Amino acid sequence: MSICKNSNRTTHRAAVVMAVVIGALCIPAQALKIRDVARLKNESPSSIIGYGLVVGLKGTGDGGDNALTITKLAALVRNLGDERTLERELKNNNNVAVVQVTVNIPAQGAHEGESLDAIVSSVGSAKSLRGGQLFLTPMILSMTDRTNIFAMASGECLLDDEQHPTRARVVGGAVMIKDALPDEIKDGRFTLVLHPNTANPETATAVADQINEDVKVQTGGKAVAFPVDSTSIDVIIPPEELKNVTQFISRVRSLPLPNIPDPAKVVIDTKTKTIVFTQEVELAPTTIIHGGMMIEIVPPVPSSSSSSPAGSMPQNTKLRSLMEAFRLYNVSPDDRIAIVRKLHDSNALKADLVIQ
């Protein structure tokens, strides 16, 4: 790993050695539960989409550029909302914008009657969605199946960012008209997927062993959980639990894993401008540029020679080494936080990131 800092046209480059980091906090080990290291395979966020019209704009709409598209969309939604309002708005295309609407479904799914935020983005030449109203828009899972409507979205468009006026949010604007739930169970079994920072053969085996230990009385010692690889575990639901699948899954996810270390975690406190983390947080190879600095996280060099290139490290690079480099180069707390966030955004930080 190396940090290059440009000062007076002179580039300084230094290898970083392992060192104890002042302020690094070793978080005490606690007994984890399976839910802390794994999720259900299909328990992940998804989204539903739609195309509709934002009306009531003050001359900042698409104008004549998208007149044909506006007409076609108007024909699709004419019977869904107030037709007279739509007809009035369509008289001036400058007050109408064609938009894509996206509703993010949380990992646990959403039920009929639940209200979710809708994100509205202009797909035409509109200059701003400020003050507009999203006309009632059907939300679907796939453009190939437009008849399977999951929600209806409408309401006032509020700008999230003044710098991006063609993107807005309709708070609670999408009302679910049918359930959109994860498909967790299939053929009497489900799959647990380990979180990236805990995925390894040992953890997968430990999770399977703990489940099998818990159900051995029910199954007569027959295994029901099998580690597929270092990232997933297949679980066969015992026959007597098929009528209580939700309770069984909850029971499995609540099982303790006393021999599994805590997942790697980095905590940024924005008030005190401090970064604390578990000792062995690793960094994947990447390059980050920030404020005149270039931070290179390089992969280990496969060489036993003492003349290995400057900056290379024999083992996976640790976050504590980067923190020591920050100290050596007098990197400010704000810059440290920004760099760590960039490492996380680039998937180079092999840990959960918590910002307080």
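This is a short talk that walks through one predicted protein model, from the whole chain down to a few residues.

Hi everyone, and thanks for coming. The model is predicted, so local features need pLDDT of at least 70 and side-chain atom pairs count only at pLDDT 80 or more, while totals for chains, interfaces and linings use all residues. Residues are numbered from 1 along each chain as its sequence is written, and side-chain values use heavy atoms, with hydrogens and water left out.

Let's begin with the whole chain. There are seven helices and 22 strands. Those words refer to DSSP runs, numbered from the N terminus: H or I of at least four residues for helices, E of at least two for strands. The chain has 356 residues, and 39% of them count as buried. Buried is under 20% relative accessible area, exposed is over 50%, and partly exposed is in between, with a 1.4 Å probe and protein chains only.

How far apart in sequence are the residues that touch? Among contacts with a separation of 6 or more, 71% are between residues 24 or more positions apart. Contact here means heavy atoms within 4.5 Å.

Now to the inside. The largest nonpolar core has 26 residues, and Ile48, Val54, Val103, Ile105, Leu129, Leu134 and Met176 touch the most other members. Such a core is a set of buried Ala, Val, Leu, Ile, Met, Phe, Trp, Tyr and Cys residues joined through side-chain atoms within 4.5 Å. Several strands supply at least two residues each, among them E5 (46-55), E6 (97-105) and E7 (115-122). Which strand gives the most? That is E6, with five residues. A separate core of 25 residues includes Met293, Ile297, Met323 and Ala351.

Stay with E6 for a moment. Seven of its nine residues are buried. E6 runs antiparallel to E5, joined by nine bridges, and Leu53 stands opposite Val98 in E6. E6 also pairs with E7, again in the antiparallel sense, over four bridges. For two strands to pair, DSSP must find at least two bridges between them.

Leaving aside neighbours within four places in sequence, Ile48 is in contact with residues including Val101, Val103, Phe150 and Met176.

On the E7 side, please find Ser122, which stands opposite Val99. Is Ser122 buried or exposed? Ser122 has a relative accessible area of 18%, so this residue counts as buried. Its side chain reaches the backbone nitrogen of Gly124 at 3.3 Å. Not counting residues up to four places away in sequence, Ser122 touches Asp62, Val98, Val99, Leu129 and Thr166.

Three bridges join E4 to E12 (residues 189-194), and Ala38 has Leu194 as its bridge partner in E12. Axes are lines fitted to C-alpha atoms, for helices over the stretch in contact, and angles run from 0 to 180 degrees between N-to-C directions.

The other sheet has three strands in the order E17-E16-E22, with mixed pairing. At its edges are E17 (274-277) and E22 (352-355), each pairing on one side only. Its neighbouring strands are turned by 20° on average, direction ignored. E16 (residues 265-269) and E17 pair antiparallel over four bridges, with Ile268 facing Ile275 as a bridge partner. Helix H7 (residues 333-345) lies across E16, E17 and E22, at about 140° to E16.

One last stop: Glu282, in strand E18 (residues 282-283). Why do we call Glu282 partly exposed? Because its relative accessibility is 29%. The C-alpha atoms of Glu282 and Ala351 are separated by 7.5 Å, although these residues are 69 residues apart along the chain.

Conventions: A polar contact is a pair of N or O atoms within 3.5 Å; within protein, one must be able to donate a hydrogen and the other to accept it, and residues adjacent in sequence count only if both atoms are side-chain atoms.
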